Amino acid sequence: MAGASTVPQGTRDAAPPGPVENDAAQRIEPPKLHPLLRFILIRIGISILLIWGVTVVTFLLTNLVPTDPVAAILGDRAAADPEIVAQTREKLGLDQPLIVQYFTYLSNLLHGDLGVSNQTRTPVLESIGQVFPASIELGIGAILISVVVGLLLGLLSALRQNTIVDHAIRTLSLIGISAPTFWIATVAYFVFFFKLRVVPGAGRLDPWITPPPKATGLYTVDALFSGQMATFTNALGHLVLPSCVLALFTIGLLTRFSRSSVLDIIRFDYVTAAKAKGLPTRTVVFKYIFRGALVPIITVVGLAFGSLLSGAVLTETVFAWNGLGQYAYRGATTLDLPVIMGVGLVIGIVYILVNFIVDLIYGFVDPRVRVR
Amino acid sequence: MSIGSPKHPATGSTRTEAATGDPLGPVVKRWQFRFPKSLRTPLGFVGAAILVIWLILAIFAPLVAPFDPLAQDFPRLTGPGAENILGTDTLGRDVFSRIVVAARTTLPAAVFVVICSALLGSVLGAIAGYFGRAVDEIIMRIADLVFAFPTIILAMVIAAALGPGLKNAIIAILLVSWPSYARVTRSLVMTARSSEYVIAGRLLGFSAGRSLLREIAPNVISPVIVLATLDVGSAILTMAGLSFLSLGAVPPTPDWGAMISEGVSQFAAWWIAFFPGLCILTIVMAFNFIGDSLRDSLDPHTAQEVGETTS
């Protein structure tokens, strides 16, 4: 295939106005940003703007609350006294114009102050820092499972297009994206733990096992580092069911997307050529079709990560998984606004960063994206 | 090509065939939406059948439900049996009656929220696509901002700020779901704007409103309707998620998401959570099956395949 890969190179050289891509030409050309660098800078700019936008959204929503924040902080008796109310308003900066309040809010955020929980009186950022690794561990487990299973199912479905296998996989993936994750979690927990006893119960470890010394906060990784094999297997066992449940929705998503992506690639001439050359089917499928189909799939992994974050908020409670999701659930059910806004802000920023990384990978893998 | 082509049903003139690869298809002059042939796939049929059953159940809910969904008349936490076919909940209410009555709020609310967000999104998208420049920038950057959050997270944040309740949950879902319509409509309108029939209208001195409503809208409406059908399922899921987080309908109103949330702490009484979840699954599945068949009809590649398999 060495000959085929030089063909686009040749046509690019033949195009008159385009920059010639060899060392000599680059030295003569006036200094200009490399397209890849330009692409990265633009993406960074967009991400920063989006993160700024996210802070505006959470700020506006916090100030939109119909209930008076002063009344929530003070007791009933103190709230009846206009002098105390005025004092508290001044202390909280509520007497300032909205734009000043926003800059105070922004500067607090930049100093790592996301407010204090109304319920527990602990700083929101501190609590999020404690529960975050648990969700990361769960998220990594789920994304690994869903990428492997989803891609393989999608590939199989596309290669057997319009057969019974294809129809079965398509129907199952449609059902997979139709089920509410928190319900699947409840049913799976009931069946596999309560009835069959094949998985350990709720939580990240059995209650009698002490967590491994904290390095990354991921119990499986920390246990491996400190060489506690019993703790590792226990943590892994606890991880299996929640990550499978969480993966179910994204498996459906990835299966559907990789199927259509593979179907697009199969039509290309280079695949027909590879088949005509008599290459073994396995080579054609994995080296030609699968590699071509993988590029657009990368973007969907970013999307899938978003639905994993959403799924975590709804399912962690069922498994008593002490992560960001359970923290958000507790915040939502008790209407603890600082907690909800903090979680929304953090998830928004994480989602933007993941999509930024996905865009970068996409830019590296597919040069056409950078040119736009 | 034009010799055998059918007469246009509304105008009687010969319909011109669309050029292959034209995303908008043949030019439509009057408002019309025909149900695509592709709904005759097995999946589309199953979806439609499930949906019809649910509609009947929801409409005749007071007749179907054997008991008052709010009455705490029965022993608490009894399993499915002769009297309470799906058991009773923690307060001794009949689960079956609650499920059936809950369909009456969930279904109309989901359809309502989808219609509203499709309207809002496509109007904003059409304005952005037709006028371009600053208007386009402002509208689409707001849309980008909404896309910067995972759907349920932003819906949760908005619903929490507004306070729990069905009305606020609907507003929250509306605010998070309009941008996908805006994006689709915007790109369709941008394509349509430069087509000859629109330019001809502009040369005749038609106003922007007339151009958008009378000429462009009939030609871009079908994809929006397909997208809306697909979206009812996810609207139901988001709504169930919000009420699972107790940000949806306020108790004691029967609600599927809230019923599952109640069942999470009652593992021995599996029926409390199991049956409401089954309802959400079947109804979302029905919408996804229908949407999947409809979407196939839009994509020229797959539309051909569907035609081959069904004929």
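The following questions and answers go through parts of a predicted model. Residues are numbered from 1 along each chain as its sequence is written, and chains are lettered from A in the order in which they are written. Local features need pLDDT of at least 70, side-chain atom pairs count only at pLDDT 80 or more, and totals for chains, interfaces and linings use all residues, while side-chain values use heavy atoms, with hydrogens and water left out.

Biologist: How many helices and strands does chain B have?
Modeller: Helices (H or I, at least four residues) and strands (E, at least two) are DSSP runs, numbered from the N terminus. Along the sequence, chain B reads α-α-α-α-α-α-α-α-α-α-α. The count is 11 helices and 0 strands.

Biologist: What percentage of the residues in chain B is buried?
Modeller: Buried means under 20% relative accessible area, exposed over 50%, and partly exposed in between, with a 1.4 Å probe and protein chains only. Chain B has 311 residues. Its buried share is 51%.

Biologist: Among contacts in chain B between residues at least 6 apart in sequence, what share joins residues at least 24 apart?
Modeller: A contact means heavy atoms within 4.5 Å. Counting those between residues at least 6 apart in chain B, the share that joins residues at least 24 apart is 69%.

Biologist: Is Pro179(B) buried or exposed?
Modeller: Pro179(B) belongs to helix H6 (residues 166-193) of chain B. Apart from residues up to four places away in sequence, Pro179(B) touches Ala143(B), Val146(B) and Phe147(B). With a relative accessible area of 1%, Pro179(B) is buried.

Biologist: Which residues does Ser180(B) contact, leaving aside neighbours within four places in sequence?
Modeller: Ser180(B) is also in helix H6 of chain B. Its relative accessibility is 27%, so Ser180(B) counts as partly exposed. Its contacts, with those neighbours left aside, are Phe147(B) and Leu227(B).

Biologist: Which residues of H9(A) are buried?
Modeller: Helix H9 of chain A covers residues 164-176 and has 13 residues. It reaches 18 Å from its first C-alpha to its last, close to the 18 Å expected at 1.5 Å a residue, where the expected span is 1.5 Å times one less than the number of residues. The buried residues are Asp166(A), Ile169(A), Arg170(A), Ser173(A), Leu174(A) and Gly176(A).

Biologist: Why do the buried residues of H9(A) line one face of the helix?
Modeller: An α-helix has 3.6 residues a turn, so residues three or four places apart point the same way. On the other side of H9(A), Ile164(A) and Leu172(A) are exposed. The arc is that of the directions from the helix axis to the C-beta atoms. The buried residues line one face because, seen down the axis of H9(A), they fall within an arc of 155°.

Biologist: Which residues does Thr255(A) contact, leaving aside neighbours within four places in sequence?
Modeller: Thr255(A) lies in helix H12 (residues 229-266) of chain A. At 2% relative accessibility, Thr255(A) is buried. Its contacts, with those neighbours left aside, are Gly150(A), Leu153(A), Gly154(A), Ile169(A) and Ser173(A).

Biologist: What is the relative accessible area of Phe286(A)?
Modeller: Phe286(A) sits in helix H14 (residues 281-315) of chain A. Phe286(A) counts as partly exposed. The value is 41%.
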